[in-house]
Protein chains: 6
Amino acid sequence: MKLNPLREIWANGGTVYNGWLHIPSMWSAEVMAHAGWNSLTVDLQHGMHSIETAIQMMQAISTTPTVPLARVNWNEPGSIMRLLDAGAYGIICPMINTRAECEAFVGACRYVPLGYRSLGPTRANLVMGADYAQQANQQVLTMAMIETKEAMHNLREIASVAGLDMLFVGTGDLRLSLHGQVVPEGQDPLLEDALDEIIAVCREFNLVGGLFTTSPESAARMIHKGYRFVTIKTDSNLLGEYARQVIQQTKSQVESK
Amino acid sequence: MKLNPLREIWANGGTVYNGWLHIPSMWSAEVMAHAGWNSLTVDLQHGMHSIETAIQMMQAISTTPTVPLARVNWNEPGSIMRLLDAGAYGIICPMINTRAECEAFVGACRYVPLGYRSLGPTRANLVMGADYAQQANQQVLTMAMIETKEAMHNLREIASVAGLDMLFVGTGDLRLSLHGQVVPEGQDPLLEDALDEIIAVCREFNLVGGLFTTSPESAARMIHKGYRFVTIKTDSNLLGEYARQVIQQTKSQVESK
Amino acid sequence: MKLNPLREIWANGGTVYNGWLHIPSMWSAEVMAHAGWNSLTVDLQHGMHSIETAIQMMQAISTTPTVPLARVNWNEPGSIMRLLDAGAYGIICPMINTRAECEAFVGACRYVPLGYRSLGPTRANLVMGADYAQQANQQVLTMAMIETKEAMHNLREIASVAGLDMLFVGTGDLRLSLHGQVVPEGQDPLLEDALDEIIAVCREFNLVGGLFTTSPESAARMIHKGYRFVTIKTDSNLLGEYARQVIQQTKSQVESK
Amino acid sequence: MKLNPLREIWANGGTVYNGWLHIPSMWSAEVMAHAGWNSLTVDLQHGMHSIETAIQMMQAISTTPTVPLARVNWNEPGSIMRLLDAGAYGIICPMINTRAECEAFVGACRYVPLGYRSLGPTRANLVMGADYAQQANQQVLTMAMIETKEAMHNLREIASVAGLDMLFVGTGDLRLSLHGQVVPEGQDPLLEDALDEIIAVCREFNLVGGLFTTSPESAARMIHKGYRFVTIKTDSNLLGEYARQVIQQTKSQVESK
Amino acid sequence: MKLNPLREIWANGGTVYNGWLHIPSMWSAEVMAHAGWNSLTVDLQHGMHSIETAIQMMQAISTTPTVPLARVNWNEPGSIMRLLDAGAYGIICPMINTRAECEAFVGACRYVPLGYRSLGPTRANLVMGADYAQQANQQVLTMAMIETKEAMHNLREIASVAGLDMLFVGTGDLRLSLHGQVVPEGQDPLLEDALDEIIAVCREFNLVGGLFTTSPESAARMIHKGYRFVTIKTDSNLLGEYARQVIQQTKSQVESK
Amino acid sequence: MKLNPLREIWANGGTVYNGWLHIPSMWSAEVMAHAGWNSLTVDLQHGMHSIETAIQMMQAISTTPTVPLARVNWNEPGSIMRLLDAGAYGIICPMINTRAECEAFVGACRYVPLGYRSLGPTRANLVMGADYAQQANQQVLTMAMIETKEAMHNLREIASVAGLDMLFVGTGDLRLSLHGQVVPEGQDPLLEDALDEIIAVCREFNLVGGLFTTSPESAARMIHKGYRFVTIKTDSNLLGEYARQVIQQTKSQVESK
């Protein structure tokens with residue numbers, strides 16, 4: 001089996017730069033796969049794709065060494081297993097609030113005796129190798145999202161689930177949950193403390209800390225905190241933001257002359 | 001009929017900022033339609049879409065005031081007419097090298113007595129108004145691409161075709177044709193002269209000058225030359241470039257601390 | 001945020017005419033969006049679409065002032081949240097039989113502190129406004145389907161769930177459940193009594209009463225009962241029925257001459 | 001080979017009721033295929049489908065005895081042949097204005113020695129029978145659209161092309177061409193004369209007369225004139241019109257009580 | 001209602017040859033539907049399709065007498081009901097390990113009073129007949145997958161659920177579960193005993209025994225054991241294997257000359 | 001630029017085994033790309049795909065070292081150029097009957113000064129390298145189909161067009177044309193003579209000889225004649241044939257016991 005390159009990056013003390021895909025298109029996925037990300041996550045929670053398009057986007061990513069990952073829209077074994085069968089090297093699962101939820105999630109990603117994943121790695125077998133089923137339990141990444149007060153309360157219990165690889169902070173939802181209402185982004189000691197606590201627990205349980213950020217600045221700051229799986233913006237954010245910049249720059253230059 | 005907003009911009013002496021769509025996705029099209037472009041061109045020549053997706057992208061653009069346009073992949077009446085029926089406010093046609101080619105193109109965009117467009121504006125009727133057929137000859141834009149030495153030779157003949165609205169410079173192809181071989185972008189007096197000549201002919205024949213540019217700098221320079229329909233990069237270029245920038249900025253900040 | 005126009009109709013004592021979409025196509029959705037319905041419901045339970053097509057159909061509806069809604073195929077938070085993120089102004093959820101089921105459903109539609117909806121309104125933010133997250137709890141409609149004897153038994157408990165906006169009668173299923181077997185449509189005192197009881201409970205709890213009907217006659221009768229959200233046929237029923245009528249009318253006229 | 005049922009209807013003196021498909025969906029196509037039409041035409045000229053969806057719609061139609069036909073968007077052999085290979089029992093070709101254009105069209109539908117159709121009836125072989133290639137020249141229908149003054153001028157020359165089966169009137173375009181400008185529908189002696197002349201030429205050359213109509217009334221009138229292939233409205237017209245009727249009927253009944 | 005042909009085959013003592021579809025394409029589905037299988041199962045667990053494509057594939061299958069079935073990716077009522085509404089004649093449900101799970105599954109496939117399936121057989125009504133709802137409880141097949149040690153432990157309890165039609169062995173998963181780890185295919189007395197026990201229980205409870213096999217040899221052996229619903233390879237396995245054979249045969253012949 | 005691996009195979013005296021894709025699916029394309037073919041041709045003439053799906057299939061093929069090629073449905077520059085821009089390493093063009101047709105075809109595949117291909121290699125640039133435009137004229141393969149008597153008559157003129165790489169025999173069409181009618185496959189001296197003549201002309205003009213065959217036997221025989229680009233069956237033929245074999249083998253084994 002083609003080993004999971006992300007494990008090697010972490011083994012060497014590196015950081016994984018992860019892109020985030022909301023646009024349901026093989027072409028935008030392939031463009032992102034050439035942009036320098038170590039991995040790309042097809043987001044089936046807040047993105048725009050059916051599972052069929054998600055699978056095709058993982059095919060597009062497979063044209064490069066970039067690693068395909070997926071976020072499911074809920075902790076449902078059916079979706080988790082399909083995405084793994086289709087070649088995802090790991091699953092990000094939202095809203096893991098308890099140890100039991102984490103066990104259900106991790107179990108869905110692991111074959112007997114470590115879990116209850118159903119055998120049938122249709123595309124994984126083809127693209128990762130005929131021994132996929134023998135190796136998958138060691139190679140597939142399980143990434144549990146910490147994004148509520150409840151999860152913070154149960155953090156060490158969640159972190160201690162055997163087979164878990166990462167605590168992935170859903171920054172937006174965690175802020176919302178900690179404040180008890182929608183608040184604008186900005187200085188946020190409540191969130192900051194939680195981010196510190198999560199990375200501390202990651203160290204304690206030998207897990208990778210991961211998260212979503214909205215700028216290079218916050219990404220760099222989080223890497224300094226110890227996060228080793230860092231997402232920066234989504235593809236549609238990148239597209240919309242840069243289009244606005246480019247128009248604005250042109251207009252400025254037109255006016256300045 | 002909902003009048004073509006681009007004509008009003010030009011009537012007021014303004015410039016149209018035009019985005020360029022290669023990603024075959026309704027979502028990326030809608031994101032671009034919110035980014036501040038006056039118009040968006042679905043490119044069926046060098047883009048990745050079937051005509052069905054192109055039509056759906058024009059639907060996505062119609063959720064905003066941004067004006068949907070299309071570039072066909074060749075001077076074929078069948079494709080030109082379908083895109084107009086589906087709600088394009090104008091057609092960019094590649095490789096117009098002679099007066100006869102220009103007449104064939106313009107004729108395909110105009111109903112009798114100005115052309116030979118077939119009657120059946122299925123979606124145009126629904127979204128632009130029931131009197132579409134009465135008004136379309138005045139509202140639909142015809143944009144002929146000038147991108148070869150031969151076209152430069154026939155420039156004034158092409159420009160004089162009744163019903164033509166724009167000369168649109170295919171900058172890449174024109175450079176290739178002028179040099180007689182693939183040359184890198186850069187200082188290019190041959191191209192520069194041609195750009196000057198084309199805009200002069202536009203002024204003479206009361207046409208809009210349009211073109212594709214690859215940076216805000218060149219866009220602004222072209223606007224100063226007199227071009228009033230300016231495209232800056234494609235959507236997939238924007239996405240790939242900005243992703244690379246964002247990764248690079250993050251890495252720089254990580255290292256600089 | 002662009003406020004939910006349906007709330008204004010009801011505030012003014014009006015009735016919402018709601019169309020129902022089974023055909024997985026952006027074009028038929030756009031045609032229906034121009035036909036005079038106040039809202040259109042993309043039906044993911046008995047319709048033919050993947051979630052990706054459902055999202056694209058909501059884009060097509062957004063080209064008009066018609067309000068996009070969605071019915072999920074089951075009370076699953078993952079699907080509910082995706083459709084809201086993609087721009088649905090409300091969710092119809094089938095088979096709400098108990099207070100707990102209703103709470104789970106409503107909670108999935110509301111951000112903290114009113115529920116547990118995950119933050120990430122990708123398309124909603126773009127098309128409804130940047131303050132979407134602040135306002136969504138007040139604007140998004142929650143419509144619980146009452147369609148079993150058990151639900152009738154628990155009707156007032158279901159109706160009393162905070163944040164619920166509508167009881168939506170699944171007429172076909174409710175008839176089936178009340179009779180204990182499939183029975184043909186027709187005079188049906190059992191069903192009629194239930195419809196009366198439901199609208200009475202709606203009045204008591206200040207909820208809107210909604211339902212699906214199969215003809216203008218029954219729709220008008222239900223509006224007189226007090227239902228204020230009335231669906232009449234599905235798109236594919238409309239298409240098939242009218243095609244048969246048109247053929248029949250033609251044949252009759254041919255024969256009558 | 002499964003023989004073309006339309007030829008039998010005509011042999012028995014009957015009339016073919018033909019439905020017209022603009023919605024790019026297998027489901028609406030299957031609904032229409034159950035509505036009582038003898039044939040359904042997938043319209044690639046003014047409809048919304050790529051060729052791939054058109055093929056899939058012909059599959060949906062094949063679930064019933066209804067006969068799949070296609071209209072191409074232009075007289076191009078590549079498209080004509082693909083649709084035949086995919087199982088169309090006949091092709092309607094727009095804008096046949098001269099004998100040469102008609103010969104090119106008919107030739108694209110016929111194998112050697114009657115034409116130049118390329119051999120490779122991928123789906124036709126599967127669904128119509130292994131002897132398809134032997135029989136296709138006799139079974140496939142060629143339907144040339146008469147829709148310009150020029151075509152009227154050349155009518156008998158066009159009609160005399162060997163292998164042609166039908167003159168199909170593009171009513172809207174023909175009216176436009178005869179009047180020299182867009183005119184509203186209504187009493188139209190110019191068009192009426194042309195319709196009489198075309199059906200007379202059909203009788204002379206033993207061709208079927210076909211056309212598009214917008215109401216049962218005009219369809220019936222055309223059948224009385226002798227037209228034997230009659231289209232009544234498009235699928236999206238049917239859908240939009242009937243939706244408006246149903247809403248209006250409901251509102252009338254609500255108000256009348 | 002068009003009765004389920006599979007029930008008749010079994011009533012006559014026959015065996016059902018079932019094909020398995022992983023390729024998300026209407027065309028490959030139609031090709032398989034002409035290949036001689038009695039039924040085809042669209043596999044939404046380890047296959048590559050969204051539910052929308054799955055529905056379209058069932059349309060493609062409906063062009064022939066072959067019977068469309070579906071495997072869901074998990075025991076979720078929402079998916080089960082959609083596939084039935086779309087015309088599946090039966091559902092294969094993975095991972096049925098307890099009587100309660102089996103009851104939930106079977107209940108999702110049956111209308112009141114035998115279950116809790118929601119009424120709305122959109123496509124089933126169209127293609128199977130207007131009395132579908134009256135007959136469906138007798139015609140729809142419920143096929144529970146036995147694929148874990150736990151299921152073997154609960155086998156007779158699962159088998160005794162009223163309304164269940166088949167025990168379908170998930171051979172790969174059952175081997176994995178029995179051995180407690182991934183093991184290569186081959187001589188396997190543990191699995192063999194389980195297969196014997198399952199077919200014995202099928203006989204006792206008057207159920208059909210079904211399973212997935214990977215070769216004609218094992219299929220024939222299983223038919224001799226008493227299995228009456230036998231799947232042989234998937235479509236993508238067939239395609240890949242035969243392509244390799246054909247290349248190899250050609251190379252051998254080239255070398256042997 | 002990533003050089004065209006097929007040129008290297010031929011330079012080393014080898015033969016290219018080419019698979020043929022009619023199924024419009026990324027998954028079947030990826031399965032075929034792992035089966036051992038040197039190249040795969042997406043057939044837009046007798047296959048079932050839109051150009052958008054064709055492009056996506058080339059992405060799927062790009063996950064492996066297999067070389068993506070495409071057959072266009074007609075000698076149209078628009079389609080030829082789009083497929084090259086999307087990453088095809090070569091184009092097979094049907095019905096090249098004259099030197100002029102061959103020049104038009106080859107010119108559409110070559111940039112100035114060797115042809116008139118438009119510059120804009122969107123995907124080719126990304127996946128083959130930033131110097132694609134400099135190298136493409138040497139790397140892209142031009143494969144002209146010889147499939148009529150007329151082409152045989154003009155064979156040496158066609159073969160002499162500068163920049164042409166291959167004569168590709170359309171065996172089925174050529175047999176049809178030589179016999180003047182549809183004839184069954186089998187012993188065919190007319191065709192055999194033509195095949196000998198074509199390969200002789202290939203040798204004379206230093207072109208590769210290519211063709212489509214329907215069995216390993218005929219493929220091997222053609223390789224012995226000197227053909228170096230050999231296609232064996234289509235993907236849907238492989239699928240259907242092998243399914244029938246597998247069912248038949250199983251039934252035989254069941255009966256033989």
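Modeller: Two strands count as paired if DSSP finds at least two bridges between them. Keep that cut-off in hand. This is a predicted model.

Biologist: What makes β7 and β8 of chain B a pair?

Modeller: Four bridges join β7 (residues 208-213) to β8 (residues 229-232) in chain B. The cut-off is at least two bridges, so the strands pair. They run parallel. B:Leu211 stands opposite B:Val230 in β8(B).

Biologist: Where does this pair sit in chain B?

Modeller: It belongs to a closed barrel of eight strands, which runs β1-β2-β3-β4-β5-β6-β7-β8 with parallel pairing. Neighbouring strands are turned by 25° against each other on average, direction ignored.

Biologist: Which helices lie against this sheet in chain B, and how are they directed?

Modeller: Helix α11 (residues 189-205) of chain B lies across β5, β6 and β7. It runs at about 170° to β6(B). Helix α12 (residues 216-225) of chain B touches β7 and β8, and its direction makes about 170° with that of β8(B).

Biologist: Now the chain contacts. Why is the relation of chain A to chain B called a two-fold axis?

Modeller: A rotation of 180° with 0.0 Å of shift along its axis superposes chain A on chain B, with an RMSD of 0.0 Å. That is why the relation is a two-fold axis. The same surface serves both copies, as 100% of the contact residues of chain A recur in chain B. Of the residues of chain A, A:Leu239 comes closest to the rotation axis, at 2.5 Å (C-alpha).

Biologist: What makes up the side of chain A that touches chain B?

Modeller: The contact takes 38 residues from chain A and 38 residues from chain B. On the chain A side, β1, α2, α12 and α13 each supply at least two residues. The largest share, 14 residues, comes from α13(A). By class, this side has 21 nonpolar, twelve polar and five charged residues.

Biologist: Why is α2(E) called roughly parallel to α13(F)?

Modeller: The axes of α2 (residues 26-33) of chain E and α13 (residues 235-256) of chain F cross at roughly 30°. Angles under 35 degrees count as roughly parallel, so the label holds. The axes come within 9 Å. The crossing is right-handed.

Biologist: Which residues meet there?

Modeller: E:Trp27, E:Ser28, E:Val31 and E:Met32 meet F:Ser236, F:Leu239, F:Gly240 and F:Ala243. By class, the contact has five nonpolar, three polar and no charged residues.

Biologist: How many residues join chain D to chain E?

Modeller: Eleven residues of chain D are in contact with eleven residues of chain E. On the chain D side, α2, α3 and α6 each supply at least two residues. By class, that side has five nonpolar, five polar and one charged residues.

Biologist: How far apart are chain A and chain D?

Modeller: Their nearest C-alpha atoms are 17 Å apart, and the chains do not touch. Chain C and chain F do not touch either, with nearest C-alpha atoms 17 Å apart.

How values were computed:
Residues numbered from 1 in each chain as written. Chains lettered and ligands numbered in written order. Predicted model: local features only at pLDDT ≥ 70, side-chain atom pairs only at ≥ 80, totals over all residues. Contact = placed C-beta atoms within 7 Å. Nonpolar A, V, L, I, M, F, W, Y, C, P; charged D, E, K, R; others polar. Axes fitted to C-alpha atoms, helices over the stretch in contact; angles between N-to-C directions. Parallel < 35°, antiparallel > 145°, perpendicular 65-115°, else oblique. Left-handed = near helix turned anticlockwise from the far one by under 90°. Least-squares fit on C-alpha atoms with pLDDT ≥ 70 in both.
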